[in-house]
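Open your viewer and get ready to select residues by number. This tour goes stop by stop.

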Amino acid sequence: MSASVMDSPGTGALLARAERLLLGLRLTLAMLAAGFLLVAVGWQFLFPEDAALAGVVAGAAAILVAVPVLAAAWQSLLHPSLHGVTDRLIALALVAAWASGDLMTAAVLPIVMILGHVLEERSLLGSREAIRALSRLAETSARRLRADGSVELVATRDLRPGDLIELRAGDRVPADGVIRRGSASLDMASLTGESVPVDVEEGGAVLAGSIDTNGRLEVAVTQVGAATTLGKIIALMRTAERAKPPVTRLLERYAGQYMVLVLMLSAGTWFATGDSTATLAVLVASCPCALVLAAPATSIAAIAVAARHGILIKGAAFLENLAEASSVVFDKTGTLTVGELSLVGIVPARPEDEPAVARVAAALGATSSHPVSRAAARGWPADARPVVQDAHETGGFGVTGRVDGEAAAFGRPELFAGLGLTAPDVPAHDGPIAGVSLGATFLGWMLFADRPRPEAVEAVAELRGLGLRRQVLLTGDRATVAARVGALIGIADITAEALPEQKMRRVLQEIDAGFRPMVVGDGINDSLALKAGAIGVAMGAQGTDVALASADLVLMTSDLRRLATAIRLSRRCRRTIHVNVAIGLGWTVALVAAAAMGELGAQGAIVAALLHNFSTFLGLGNAGRLLLFDETGAPAAAQSVPGG
């Protein structure tokens with residue numbers, strides 16, 4: 001009856017309180033009217049000679065439901081919408097039934113439509129349950145640590161950046177923060193769709209909404225409320241739910257013409273047959289609810305399913321764009337690669353020195369925050385590292401200290417020249433290189449590089465299997481590094497040493513060549529390219545705020561296989577929308593034709609209302625099938641053929 005939640009100007013994610021109250025009032029009036037109708041029908045059956053009283057009771061029922069029907073029609077004139085077309089048609093049918101003296105139809109028709117509308121709204125709210133669940137994650141409390149070490153229980157909204165909070169096993173993280181003490185495993189399924197807990201330790205980040213499955217943590221709060229990752233997710237989901245699919249915008253464009261066409265068909269039926277019942281049936285049969293809900297219901301279901309997989313889609317239109325993607329453009333650092341240096345090789349001065357190289361470098365590296373030092377420290381177990389004395393970091397060159405009572409050094413070749421040590425030639429390598437010495441002996445070189453993500457090869461191959469055979473590696477890094485990563489992953493088309501503007505131009509060249517590129521990136525220098533692509537995807541787990549704002553999709557997990565999941569979901573969503581539009585359009589045309597020819601019987605308007613609601617629920621049921629889509633346990637599992 002009234003404008004659906006799709007058209008409500010509030011949050012758009014759920015029925016506003018006023019809308020819920022109004023819908024409840026209409027349902028109550030419909031139930032009262034139905035009770036009066038039962039009395040009228042029973043009286044007419046038991047006392048056919050006293051039909052006048054039955055008519056009075058039926059008239060009372062019609063009056064009860066006439067008020068909300070006419071009010072909804074008036075509101076639809078003030079605030080035009082697709083659902084307003086249905087409101088106006090039902091109001092016209094109601095007035096026509098009153099004018100013809102058919103009080104029974106005047107009462108039954110609005111009751112059927114009100115009940116149908118309530119069920120439609122409940123069906124749509126069922127599809128929104130994943131979005132509602134995200135909002136509930138923010139409704140929690142926190143244990144805040146006071147300066148004296150005592151603990152106070154506070155509401156999440158009372159937390160501020162800089163507060164120190166305590167997390168125990170089973171607690172939900174109330175805000176984004178950094179671990180100051182402790183280690184634990186975090187269940188982040190509600191944010192990223194990953195079922196495997198993530199191990200975190202001192203210095204690591206925690207996100208609001210995740211759950212501490214074991215261990216005690218002390219966390220320094222960095223972001224609260226809407227500024228947290230969870231807050232941004234909720235905001236994105238609300239924005240996406242309010243956005244209208246392209247099909248809906250197309251229908252809205254022709255809503256006025258559709259209303260005129262229906263009135264002409266009704267007038268033509270009246271003049272051709274003189275049958276008021278057939279004319280009423282045409283008005284009711286023309287209600288476009290099934291067609292109106294075809295795209296929004298499907299898009300809402302797809303957006304909810306995507307959120308369950310850790311994929312945030314900013315609007316329904318982007319689902320359609322994603323389904324049509326024909327090429328993919330990848331950023332390198334932080335997208336195809338893990339975004340941090342790793343030890344990829346050791347070149348010892350003597351073969352027997354290789355273990356000592358890693359051991360000494362890990363000890364010295366643990367005293368520095370430099371990326372190369374951190375990578376070296378990860379190469380040796382923390383509990384097996386020797387103790388470093390007199391550690392000193394020489395900015396830009398390396399670290400020196402005493403290990404096992406001897407002078408030790410770890411750093412660039414220039415560091416050893418300054419120490420008077422003779423080192424062998426620096427090996428050829430396209431990444432950072434650091435040397436290691438102990439005492440007066442140079443032990444060897446360590447080679448570092450940013451490694452491809454473990455799933456990158458599989459993800460790229462999977463996208464190729466889905467029809468995105470044209471793949472481009474676009475990076476600002478050196479050509480040699482880009483070529484190495486491209487060879488490891490399987491991408492031959494490489495553009496290296498590109499500035500942000502050059503990245504954008506390269507993406508525009510893809511579009512000019514007839515492709516619809518999906519651009520995947522995570523950094524500030526990717527924002528122009530993300531905007532230029534047919535669809536922009538940001539790696540949300542490590543992406544910058546600028547990249548997240550520029551993208552159309554956000555992957556909350558860094559698993560690149562979610563790209564294929566998103567494409568499969570978008571293609572299934574597109575197919576479902578096409579089927580629902582066909583159902584809605586075909587059913588409406590057939591129903592109008594049957595009504596105009598008087599094939600719906602003596603109670604044509606009521607029959608038309610029942611059949612109209614059946615087609616609406618058929619479309620909603622088809623859209624609900626999307627909720628069965630599930631790749632959370634196996635993101636690489638193909639669920640559709642290439643090209644969808």
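Stop 1: Select D477. This residue is partly exposed, with a relative accessible area of 25%. The model you are looking at is predicted. D477 and K332 form a salt bridge, and their closest N and O atoms are 3.0 Å apart. Where do the two partners sit in the chain? D477 is in the loop between β18 (470–474) and α18 (479–489), while K332 is in helix α13 (residues 332–336). They are 145 residues apart, and the pair links distant parts of the chain. Is K332 buried or exposed? K332 has 1% relative accessibility, so it counts as buried. The cut-off for buried is under 20%.

**Stop 2: strand β18 meets helix α19.** Select R470 and E510. Their salt bridge has its closest N and O atoms 2.8 Å apart. R470 lies in strand β18 and E510 in helix α19, so this pair ties together parts that are 40 residues apart in sequence. R470 is partly exposed at 30% relative accessible area, whereas E510 is buried at 1%.

Next, show E166, R168, R181, R216 and E218 together. Salt bridges that share partners join these residues into one network. How many salt bridges does a search of the whole structure find? It finds 23.

**Stop 3: a lysine in α19.** Go back to helix α19, which spans residues 500–512, and pick K503. K503 is buried, with a relative accessible area of 1%. Which residues does K503 touch, leaving out those up to four places away in sequence? They are D331, L474, T475, G476, A498, N525, D526 and A529.

**Stop 4: another salt bridge.** Select D353 and R350. Their side chains meet in a salt bridge, 3.0 Å from N to O. D353 counts as buried at 6% relative accessibility. R350 is partly exposed at 43%.

**Stop 5: aromatic rings.** Select F416 and F442. The count of aromatic pairs comes to four. F416 and F442 form one that is edge-to-face, with 5.1 Å centre to centre and 90 degrees between the planes. F416 lies in helix α16 (residues 413–418) and F442 in strand β17 (residues 441–452), so the pair ties together parts 26 residues apart in sequence. Both F416 and F442 are buried. F416, F442 and W445 form one aromatic cluster.

**Stop 6: an open sheet.** Switch to the cartoon view. Six strands form an open sheet, in the order β2-β1-β3-β9-β4-β7, with antiparallel pairing. Which strands stand at the edges? They are β2 (151–155) and β7 (205–206). Each has a single partner strand, so one side of each is left without a neighbour in the sheet. Strands of a sheet pair through backbone hydrogen bonds. Now zoom in on strand β4 (residues 176–182), which is joined to β7 by two bridges. Select G177, which stands opposite V206 in β7.

Stop 7: Finish on L53, which lies in helix α2. L53 is partly exposed, with a relative accessible area of 37%.

Methods:
Residues are numbered from 1 along each chain as its sequence is written. This is a predicted model: local features need pLDDT of at least 70, side-chain atom pairs count only at pLDDT 80 or more; totals for chains, interfaces and linings use all residues. Side-chain values use heavy atoms; hydrogens and water are left out. Helices (H or I, at least four residues) and strands (E, at least two) are DSSP runs, numbered from the N terminus. Buried means under 20% relative accessible area, exposed over 50%, partly exposed in between (1.4 Å probe, protein chains only). Contact means heavy atoms within 4.5 Å. Two strands pair if DSSP finds at least two bridges between them. Rings of Phe, Tyr and Trp (its six-membered ring) pair if their centres lie within 6.5 Å; planes under 30 degrees apart count as stacked, over 60 as edge-to-face and the rest as tilted. A salt bridge is a side-chain nitrogen of Lys or Arg within 4 Å of a carboxyl oxygen of Asp or Glu.
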